[in-house]
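Here are my notes on the structure, point by point. Have a look at the backbone first, then the ligand site.

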Amino acid sequence: MSGHGDPIPMSAQKSGPLTGVAEVPGDKSISHRALLFGAMAVGETRISGLLEGQDVLDTAKAMRAFGAKVTHVGPGEWRVEGVGVGGFQEPEDVIDCGNSGTGVRLIMGAMATSPIVATFTGDASLRGRPMGRVTDPIALFGAQSVGREGGRLPMTIVGAAQAVPVRYVVPMPSAQVKSAVLLAGLNAPGETVVIEKEATRDHTERMLAGFGADIRVEETDEGRVITLVGQPELKPQTIVVPRDPSSAAFPVCAALITEGSDVLVPGIGLNPTRSGLFTTLREMGANLDYENMREEGGEPVADLRARYSPDMVGIAVPPERAPSMIDEYPILSVVASYAKGATVMDGVKELRVKESDRIDAMALGLEACGVTVEETEDSFTVHGMGPGGVPGGATCKTHLDHRIAMSFLICGMASQKPVTVDDAGPVVTSFPIFEPLMEKLGATFHREDV
Ligand code: S3P
């Protein structure tokens, strides 16, 4: 599968029962950060379990362009020889972040307080996404930027030669923006303060502390106040990347809607800033158990056991839960199609600026499959058709969005007629083994002739 090559149409047909163990790859958010923070440390960081998806490989390539030595030593095993905070060299060529918003936004933040110039681009999806949410705060540090209309890539950032620290209230729930500001703050003197009104994934805070940065987090009436002391020497780490809950979502949800299924998805992080989907599914009546609960690397981890769940009912998902499951709404909307009653997803307008407009992409595809949906700018409602009730028989557009592609392929595993996606190529960005892993559990996929 290739994110940039010819489209790869693929269809899924009634499958199952799904059985067995689904070992999903490493966490994408943590993998990007492990490479980036390793590149800003002094000495050798050792990483195992790194997600070798295209998004993360693009970040590895970018770190080399900024001067770090990044070596692949075996499956999931990587070494990063860092250049230290403020040690980035000026890249010789344009940095292509492919499909990855996390990659480009975090790297822009990380270089914004070094006296170097870098130009960034990406694929058609990434070139359509807003970068003003990062260029606005990095301008406060003294960085300049020039991009296309609407703050789109390609874009050139001129890093601040004499950065000043900032105090910044993040205007939208975004871990990428929060992280970009913290990374910029690393090479500014004094204290940089970032405030988020709603808690988003906290991997940056946890990992910066692990690398030895002086960072503290306080819960106040204003929100989460994160204070970082600039210009630390980051110490290299040994990082074991946990398996990705956002990837686990696909085999878990497939098992819930596919008759007779019983699937174990081991070693999944249940960090509360990431596990909102599993809470929601349990509230809907999913047969989803947390087995062998334990703590690994300071994070709660469990083996997820998902079984066919014909009694799921639609619920109103609390909007305040959105940041902890923001990437999971596409697959939740598929599960909702097989539940009884309506599932209301409110407070989700950030979905409109992901790899695609995910509200539109899911609404159009589900409607084509015979499901009734309603959308507003900030909400999405799916009227469930009950177990096995989705007609299917449609071709859904994936808009260069991996999660849309995987969601519709899972939809087709329980629908009456097969569901086709116009391009499964983008799946490699986050879940390169999706197709063989799902087929091993009992999925029936076909690559269509173009
Ligand atoms: C991510 C943050 C989220 C998420 C993305 C990964 C991260 O984006 O959608 O897939 O690793 O920080 P936003 O921060 O823009 O919500």
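1. Start with Pro17, which you'll find in the loop between strand 1 (10-13) and strand 2 (19-21). The peptide bond that joins Gly16 and Pro17 is cis, with omega at about 0°. Keep in mind while checking this that the model is predicted.

2. There is another cis peptide bond to look at, between Leu153 and Pro154, with omega of about -5°. Here the proline sits in a strand: Pro154 belongs to strand 9 (residues 152-158).

3. Next, Asn292. Its phi is positive, about 55°, although the residue is not a glycine.

4. The space it takes up is the largest pocket. Two elements give two or more residues to the shell around the ligand: helix 1 (28-39) and helix 6 (175-186).

5. Who is in that shell? Around the ligand are Ser29, Arg33, Thr102, Pro173, Ser174, Ala175, Gln176, Arg201, Ile326, Asp327 and Lys354. Sorted by class, the shell has three nonpolar, four polar and four charged residues.

6. Which domains supply the shell? Both domain 1 (10-26 + 242-447) and domain 2 (28-228) do, with at least three residues drawn from each.

7. An N or O atom in the side chain of Ser174 is 3.0 Å from a ligand oxygen. With Gln176 the backbone is involved: one of its N or O atoms lies 2.8 Å from an oxygen atom of the ligand. The side chain of Lys354 has an N or O atom 2.7 Å from an oxygen of the ligand.

8. How much of the ligand does the protein cover? On its own the ligand has 380 Å² of accessible area, and the protein covers 95% of that.

Key. Residues numbered from 1 in each chain as written. Predicted model: local features only at pLDDT ≥ 70, side-chain atom pairs only at ≥ 80, totals over all residues. Heavy atoms only, no water. Near = heavy atom within 4 Å. Polar contact = N/O pair within 3.5 Å; in protein donor to acceptor, adjacent residues only side chain to side chain. Areas by Shrake-Rupley, 256 points an atom, 1.4 Å probe, with all protein chains shown as cover. 1 Å grid on protein atoms, 1.4 Å probe; cavity = no way out; pocket = protein on both sides within 12 Å on 5 of 7 lines; lining within 4 Å. Sits in = over half its atoms within 2 Å of the grid points. Helix = DSSP H or I, 4+ residues; strand = E, 2+ residues; numbered from the N terminus. Nonpolar A, V, L, I, M, F, W, Y, C, P; charged D, E, K, R; others polar. Domains from an automatic or database assignment.
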